[in-house]
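Student: Hi, I have a model open and would like a quick walk through it. Can we start with the overall layout and then go into details?

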Amino acid sequence: MLSESPPVQSAPSAARSRAADLMVAEIEANIASGRLPDGSYLPAERDLMAEYGVSRGVVREAIARLAGRGLVEARPRFRPLVRRPGLDTAFRALEGVVGHLLDDRSGVQNLYDLRVFLEAALARHAATNARKSDVEKLRATLAENERAIGDSDAFYVTDVAFHAVLYDIPRNPVLPAIHKAFTAWLSPHWLRMPRSPERNRVNYLSHHDICTAILERDPDAAEHALRGHLAAAWQYVRGTFETL
């Protein structure tokens, strides 16, 4: 049996796609160069049509592609807003892929294991490299975490803040972006975990152990405390996934 040939794109459709490609490439270059600054508006549709000599359909297709890449923020009845690409944009672009991972047992486990791997290394790094300002911030977030034990919503916020300090200490801008991504991707499941003042206190004491090991400049103890904390947390997290 002969296999079916892929559909051939019509000439008008192909021409429209090429025109959109050219328009996207030029606008993307203007954003990268700063000619279209972050936070500025793209020209109105009719102005883009005149500038590029294209139809309204081509303009809208190009804007949809730019929005898909995180380069513009497009809302109905509003002119698209330029968003200069950054790390946060790159991770937001992965949300669709990660969403599929969160529906798969091995995908969820792999994502969580990656978090453990990173934070174990970050805890070790903090124990040997944390500056005085880092230590003060870690202590402050731990104190806020303790004060929030009786309020699970507030405790969640301070829990995220405590872990965020570990990602800040290396002074690498990629790491805080990764932390934000983990938080965004997994927060729906964190918020479905069983929460109570008793459980909050257990988590606080784990944070206290991590902080103490870092303050004592003991990387082995810091990593051990971090891994123990996240291993215990996983037993609660996995219960929020029907497939696990």
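Tutor: Happy to. First a definition: helices (H or I, at least four residues) and strands (E, at least two) are DSSP runs, numbered from the N terminus. Please keep in mind that this is a predicted model.

Student: Okay, what pattern does the protein chain follow along the sequence?

Tutor: Reading along the sequence, you get α-α-α-β-β-α-α-α-α-α-α-α-α. The protein chain has 11 helices and 2 strands.

Student: And how much of the protein chain counts as buried?

Tutor: The protein chain has 244 residues, and 41% of them count as buried.

Student: Let's switch to pockets. How much space lies in the largest pocket?

Tutor: The largest pocket holds about 160 Å³ of space.

Student: Which residues line the largest pocket?

Tutor: The lining consists of P43, A44, E45, R46, R60, I63, A74, F78, R79 and P80. Two helices, α2 (45-52) and α3 (56-68), each supply at least two residues of that lining.

Student: Where does R171 sit?

Tutor: You'll find R171 in the loop between α8 (152-168) and α9 (174-190).

Student: Why does R171 count as partly exposed?

Tutor: Because its relative accessible area is 43%, and partly exposed is the class between buried, under 20%, and exposed, over 50%.

Student: And R217, what about its phi?

Tutor: R217 is not a glycine either, yet its phi is positive, at about 60°. The loop between α10 (197-215) and α11 (219-237) is where R217 lies. R217 counts as partly exposed because its relative accessibility is 40%.

Student: Why are α8 and α10 called roughly parallel?

Tutor: Because angles under 35 degrees count as roughly parallel, and the angle between α8 and α10 is about 20°. The two helices are therefore roughly parallel to each other.

Student: Is the crossing left-handed or right-handed where α8 passes α10?

Tutor: Left-handed: that is how α8 crosses α10.

Terms used:
Residues are numbered from 1 along each chain as its sequence is written. This is a predicted model: local features need pLDDT of at least 70, side-chain atom pairs count only at pLDDT 80 or more; totals for chains, interfaces and linings use all residues. Side-chain values use heavy atoms; hydrogens and water are left out. On a 1 Å grid over the protein atoms alone, a cavity is a set of points where a 1.4 Å probe fits but cannot get out, and a pocket is an open set with protein on both sides within 12 Å along at least five of seven lines; lining residues have an atom within 4 Å of a point. Grid points are joined across faces, edges and corners, and a volume is the space filled by probe spheres set on the points. Buried means under 20% relative accessible area, exposed over 50%, partly exposed in between (1.4 Å probe, protein chains only). Axes are lines fitted to C-alpha atoms, for helices over the stretch in contact, and angles run from 0 to 180 degrees between N-to-C directions. Angles under 35 degrees count as roughly parallel, over 145 as roughly antiparallel, 65 to 115 as roughly perpendicular and the rest as oblique. A crossing is left-handed if the near helix is turned anticlockwise from the far one by less than a right angle, and right-handed if clockwise.
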